[in-house]
Amino acid sequence: MPVLRISFALLILTLALVPVSHAEDGLSGCVSCHTDEARIKALYTPTEAPPSEGEG
Amino acid sequence: MKRIALLFLILQCALCSAALAIDLPPVITTDWLEKNLATSEIRVIDIRKLEEYKEGHVASAVNAFYGSWAVKRDNLDNQLPETEDLQDVLLAAGIGGQTPVVIIGKVDTVADQVNNTRIAWTLRYAGVERVAILDGGMNKWLAEKKPVSIEPVKATAAMGELKPNPQFLATKRDVTNALGKATVVDTRTPDFFFGVAKLDFVQRAGHLPLAVNLPSAWIFTKEGTLRNNDELKAMATGVVGTDTAKEIIVYCDTGRLASGWWFVLTQMLGFQKVRMYDGSTQEWAADPDSPMVRFSWD
Amino acid sequence: MYKGFLVDRNLLSTDPHFSQGCGFCHMGDEKGASKADAHRGLVKKPSDDLKICGRCHDQIAANYGKSLHYTTAGLKHGIRGRLSTAEESLFNEKVFPKSCNNCHATCGDCHVKSPTIGGVNPGLIQQHQFVKRNEGKTCALCHGGRVYPEFTGEYGGTPDVHYQKGMTCIDCHTRKEAHGDGSTVTSRKQVADRPACLGCHPRGSDKSDKSRAAHDQHAGKLSCVACHAAGQYRNCYDCHLGAGATAKPGFILGLDPRERKLVTTLRVIPTVRDTFSKAGVAMENYDALPNYWDTVPHMIKKRTDRTRSCEVCHTERQGFLSKETLLKGGSKANEGLIRMPPQLP
């Protein structure tokens, strides 16, 4: 049971420190987010472009 | 004396080249290809789109994308090019009749998977004797992080004249004459065979009279590799029987899917008289006088 | 590869484009804690303003500002002949900025992020690398209705021989053509040094007597593509503001409407009489221009039905525009494009 509590506390601590760790890297908000593959993939799924009906 | 020495030299060279001739199985693994890549005798062709090839390809592969080998003719998709055009493609890729050829494609979809076997059929039709496909294609090669190159490879053009093998090709007339005699195999999925599904460009639903159904989509695993040999053999013989000398004609909608079972039957299981109907249902169904069966498994 | 907005972290230290930080081009708030804060004031397409790239690439940016890719002046110029002076002002005010010029290409559309087509944003070309060329992810999208899929064989089913030889757009349509040379042009026909078949395949370079005889016989009468375009290309019909056009394959031969000397391949222009009626532009001079325009279908082949047989043109007259095949209700100028080949004796 204490092991579970410690794990939970560690998880909360890790989550709390995530933004801080980026700041410590000296990276801007743009860089920390746009170079984080998991985060960007979760935020945006590109769709395939359809054939254009336009000039060309 | 000089003549005898020369004869010995020629004999020695012939023996050496015979000994060096590479044993090319019809389906090769990524490990086999990596190990044999340096063998200059093999011609590796990458049949993916030029743009995909340029983003990374197996080091010695030349690009000869699918559309070069299967074109639209007489309003039919995926047809053999005119013989002289096919010869141009073949020779430009550095392929002669004796060249062992390895085909690399992608395997994302069933259409991608059978593109590999369709090119194998085209090469065999064109008179190339030794042809192999890379199991799992470029997808597996990349997934295994094997080395890739972004430098385009230009082949030294081969010389020679194309001598097609008509025994691999069935025309509409061949199929008409073979109905009731040969085993006709519909390689589309059962809904197309039964006639509840149809592609827009195919004019009538259903299958050819007396055809049996053996879908090419079932040749591959969900990872895009071929099922193991025993399983494929059991699937094939369960439908077409065990007589490897019997006459078989495979077809689909445009002559692409059908190449899957043509490849397995002829190149892997030793069936000797299998032809592919290139025009397939797209051509057959367009002729109102050609009989078709719908809503029946017979 | 994922094509969204993931940026390659290594570029930040290796590519000088990133030396001044993201905000230098994109604005926004680099210190913003949330996405909404960081994106406040964000400039999504910084190179819409050519001065951004022009800070370092001044000459290219100056030239590009006058190029057809940036001005889309070709679209404006093409319709001009159908409009009265008053209609032209109305067109330039109400139609051109919204319907034509809004799809002009910025520097970034070709070098950083694939262009947005039909509202679909395909994302960065290669994780924000500044790429020199990647035609499949740039040219192919804006020119994805006709030229590119015809070139690769995905439309028409017969790939262009140049694509088969490993060539892509920039191998013929050079950087100079794409960027412009600083001169103001209103049509691609005015672009200096644009590619021409004879530039690489000069007269007299034939490899056989048969080929030489065919070229000598038809020189000055036919364009190269009249014989060497392989199959059916895309023609668009019946375009209306906001509703678009409908497309279908076809192969049409007739007189080049610009000079009326050569027979060449023609493509249907989808402008119908009421295309711009919603904007109050009636096209008073609609009949001054035809509904067919000369085109170079990018499906070139050494051998085609027409190079293989004289009968295809001289007996069967396949594809030749005739009174029977002219568009119904089309421009009166269409009839002037009919030119039938002589019958074989």
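**View 1. Buried residues of helix 7 of chain C in the predicted model****.** Helix 7 spans residues 73-80 of chain C. C:A73, C:L75 and C:I79 are buried here (20 or more other C-beta atoms within 10 Å of a residue's own, with C-beta atoms placed from the backbone). Seen down the axis of helix 7 of chain C, the buried residues fall within an arc of 165°, so they line one face of the helix. The arc is taken from the directions from the helix axis to the C-beta atoms. These buried residues pack against helix 6 (68-71) and helix 8 (85-100) of chain C. Helices (H or I, at least four residues) and strands (E, at least two) are DSSP runs, numbered from the N terminus.

This is a predicted model: local features need pLDDT of at least 70, side-chain atom pairs count only at pLDDT 80 or more, and totals for chains, interfaces and linings use all residues. Residues are numbered from 1 along each chain as its sequence is written, while chains are lettered from A and ligands numbered from 1 in the order in which they are written.

**View 2. An open sheet in chain C****.** Three strands run in the order 3-4-5, with antiparallel pairing. Strand 3 (252-255) and strand 5 (292-294) of chain C stand at the edges, each with a single partner strand, so one side of each has no neighbour in the sheet. Neighbouring strands of this sheet are turned by 55° against each other on average, direction ignored; axes are lines fitted to C-alpha atoms. Strand 3 and strand 4 (residues 263-268) of chain C pair over 4 bridges (pairing takes at least two DSSP bridges). C:L255 stands opposite C:V263 in strand 4 of chain C.

**View 3. Where the two domains of chain C meet****.** The domain assignment, automatic or from a database, gives domain 1 (1-195) and domain 2 (196-345) of chain C. Their C-alpha centres lie 29 Å apart. The contact takes 24 residues from domain 1 of chain C and 27 residues from domain 2 of chain C (contact: C-beta atoms, placed from the backbone, within 7 Å). On the domain 1 side, helix 8, helix 11 (147-152) and helix 12 (161-164) of chain C each give two or more residues. Helix 8 of chain C gives the largest share, 6 residues.

**View 4. Chain C against chain B****.** 13 residues of chain C are in contact with 13 residues of chain B. Chain A and chain B do not touch; their nearest C-alpha atoms are 15 Å apart.

Notes:
Buried ≥ 20, exposed ≤ 12 C-beta atoms within 10 Å, placed from the backbone. Axes fitted to C-alpha atoms, helices over the stretch in contact; angles between N-to-C directions.
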